[in-house]
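Please load the model in your viewer and keep the selection panel at hand. The tour below moves from one selection to the next and says what is to be found at each stop.

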Amino acid sequence: MDESSKEQGDDNDDDNGGEKLRFTPSTLALLEIAKRSNLIDFVSMKADNLPFVEQTIHTLLDAIDALSYFDDAIFEQYAIYSLELALQALLSKPDRAIKLFDLFLDKFVSIMDKSSSSSSQEEGEEEEGNNIQEEEKAFLRERVCVTILRLCIHLFHIPQLRPKLMTSLNLLMDLPANVLRYIADRIACGMAIFFSQNFVFIETSKEWSFFGDMMDRLAFFGPGRGFVFDGIANTVESQQSLMSYCTTDDDDNYNTYYTGDTDQRKPLSLEGSHIITKLLLKFIFGKYQKDMSFCIPAMICMDNLYRHIIMLRRMIKTTTTTTTTTEVNDAKSKNDEDDKNLSQSSNSSDDSTFQELWKNIVIAFYSVCRNSDPEKTDRATDCFQRLVSSTEVESISDETWLTILHLVVMKQPTVQTEVARLNCCEIFIKILLATVAHLSRNHENWEDLTDIINRMTLIIGENLREGRKGAVSPLFESTRQSITFLSNYMISEDFKGNKEYGAWTSESLLSELEKVGAGGGSSKNMAATTAKT
């Protein structure tokens, strides 16, 4: 680069990921020509002269292959500009896309194939130098990827084009990791915009799986991770306004919401919700390169998504029940009964899927509740308690409840992390309060439940002893109050479980309180109850 080009380049520096873009005099001249000639306005032809538009796009796309864009940076700029002009010509009137999209698809495949061939020829070079060249040569590929995403954002609502757009997106998924990592942020940004605007048009299981896999892969790369999460969060947030349309007492509103018969957009489907849940769980667990920075935002997002799932399940159940009742009333043959049995089998499968989903969410939330950071454990505990309190006990199997209780009692933080220990003990007490009456009514649960409570008494004893060392700690006070309340509840008239089991549980809890001289509250209650009896 001569001195004049350096001087002009310095006047046009632009920050781009820590690097500086320097334009040569030739590039600046081309930009000025394009600006003065209004080429963008010319190719964005609004006229209905389809043959002329097609010929223009043909010419622009063919011009790309006439350039040695991998050998000369200027030719690469020409190729990119031709691609942009062709794209503007197509998008200026989207109804043209149905007839003209194949021209773009063929060009995308051609450029990507040439990019792969060019990269494979340099495998023998040193890794560092090869990586630098890959980054430089990724520019044209990047623009192709961005063009594909722009087309998807603007055209995915057209049913006839979706299969072809999915074929184009597969080109992005086929990119090798050493190429994708350089452009993951651009692709993830485009995907975030596409997903939040077009999720209502994703219909099949294959499509949902594809987009789930694509966002999962992009989230693996640090530069793209935040964009992926933003796309998910914006999608979930968009459901909040839809949910506000419904009231828990108005089934007509739920029916309208679920079927999409409103002026608002259709809701995120159950299948889509399950795919997003899997991604959010990975953010919560820090599965992407052990990055835990998204765990709390992901929990809040998951909390909102779970309420959306509950609403959809309620509506599906209401719709299915209404349909089944009508069919049964009209049933006149064995085939009708077979249809009814098939419907019941489908409902059973859905319940099993939901319970597995619920269990995975609870486990993920609890993993953050155990975090030693006070702020994280407090916020995670809030999310956990909202999740459990919004769950009907009968909607979850006894086995699953016992599994969760066993997890919480076995995975307690150390007493040295006092805030986390206090929160996790409080979580256990609240789960037990919500479920013990239901679980104790089934004698088959007693063995597991007894083991859980025995383990809990050990934890209680440790909390009380450690909390009494020196000044009375918040851990001691919280444990004493919670256990006193639980002990009283188990022998009160409000307890609707097995009375014999309730008395044993109360006595076990009371014995731990008495060991540290803190059993007065429960003792008085027990004495009063005995006297009353």
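What follows begins with the whole chain and then goes through single residues and pairs.

**Before selecting anything**

This is a predicted model, in which local features need pLDDT of at least 70 and side-chain atom pairs count only at pLDDT 80 or more, while totals for chains, interfaces and linings use all residues. Residues are numbered from 1 along each chain as its sequence is written, and side-chain values use heavy atoms, with hydrogens and water left out.

**The whole chain**

Show the chain as a cartoon, and you will have 22 helices and two strands in view; helices (H or I, at least four residues) and strands (E, at least two) are DSSP runs, numbered from the N terminus. Of the 533 residues, 46% count as buried, where buried means under 20% relative accessible area, exposed over 50%, and partly exposed in between (1.4 Å probe, protein chains only). With contact defined as heavy atoms within 4.5 Å, residues 24 or more positions apart account for 72% of the chain's contacts with a separation of 6 or more. The accessible surface comes to about 26900 Å², and 51% of that surface belongs to carbon and sulfur atoms; accessible areas come from the Shrake-Rupley method with a 1.4 Å probe, and for residues only the protein chains shown count as cover.

Select leucine 100, which lies in helix α6 (residues 97-120) and is buried, with a relative accessible area of 1%. Apart from residues up to four places away in sequence, leucine 100 touches Leu50, Val53, Glu54, Ile57 and Leu90.

Because aspartate 102 lies in helix α6 and lysine 164 in helix α8 (residues 162-173), the pair ties together parts that are 62 residues apart in sequence. Aspartate 102 is partly exposed at 34% relative accessible area, and lysine 164 is also partly exposed, at 24%.

**Further salt bridges**

A search of the whole structure finds 15 salt bridges. Select aspartate 303 and arginine 386, where the closest N and O atoms are 2.7 Å apart; this pair links distant parts of the chain, with aspartate 303 in helix α14 (residues 295-330) and arginine 386 in helix α16, 83 residues apart. Aspartate 303 is buried, with a relative accessible area of 6%, whereas arginine 386 is partly exposed at 40%.

Go next to glutamate 356 and lysine 359, a salt bridge with its closest N and O atoms 3.8 Å apart. These two residues are separated by about one helical turn because they are three residues apart in helix α15 (residues 334-369). Then select Glu142, Arg143, Asp185 and Arg186 together, as these are linked in a network of salt bridges.

**Aspartate 398**

Which side chain of opposite charge is nearest to aspartate 398? Arginine 441 is the nearest, but it is 8.5 Å away, and aspartate 398 is buried yet has no salt bridge; here Lys and Arg count as positive and Asp and Glu as negative, while His and the chain ends are not counted. Aspartate 398 lies in helix α17 (residues 398-410) and, leaving aside neighbours within four places in sequence, is in contact with His438, Leu439, Asn442 and Asn445.

**The loop between α13 and α14**

Select glutamine 289 and lysine 290. Glutamine 289 is placed in the loop between α13 (270-285) and α14, and it has a positive phi of about 55° although it is not a glycine. Lysine 290, in the loop between α13 and α14 as well, has a phi near 60°, again a positive value in a residue other than glycine. Glutamine 289 is partly exposed, with a relative accessible area of 48%, whereas lysine 290 is exposed at 76%.

**Last stop: aspartate 451**

Finish at aspartate 451, which is found in helix α19 (residues 446-467) and counts as partly exposed at 30% relative accessibility. Aspartate 451 and histidine 406 are 45 residues apart in sequence and 8.7 Å apart in space, C-alpha to C-alpha.

Methods
A salt bridge is a side-chain nitrogen of Lys or Arg within 4 Å of a carboxyl oxygen of Asp or Glu.
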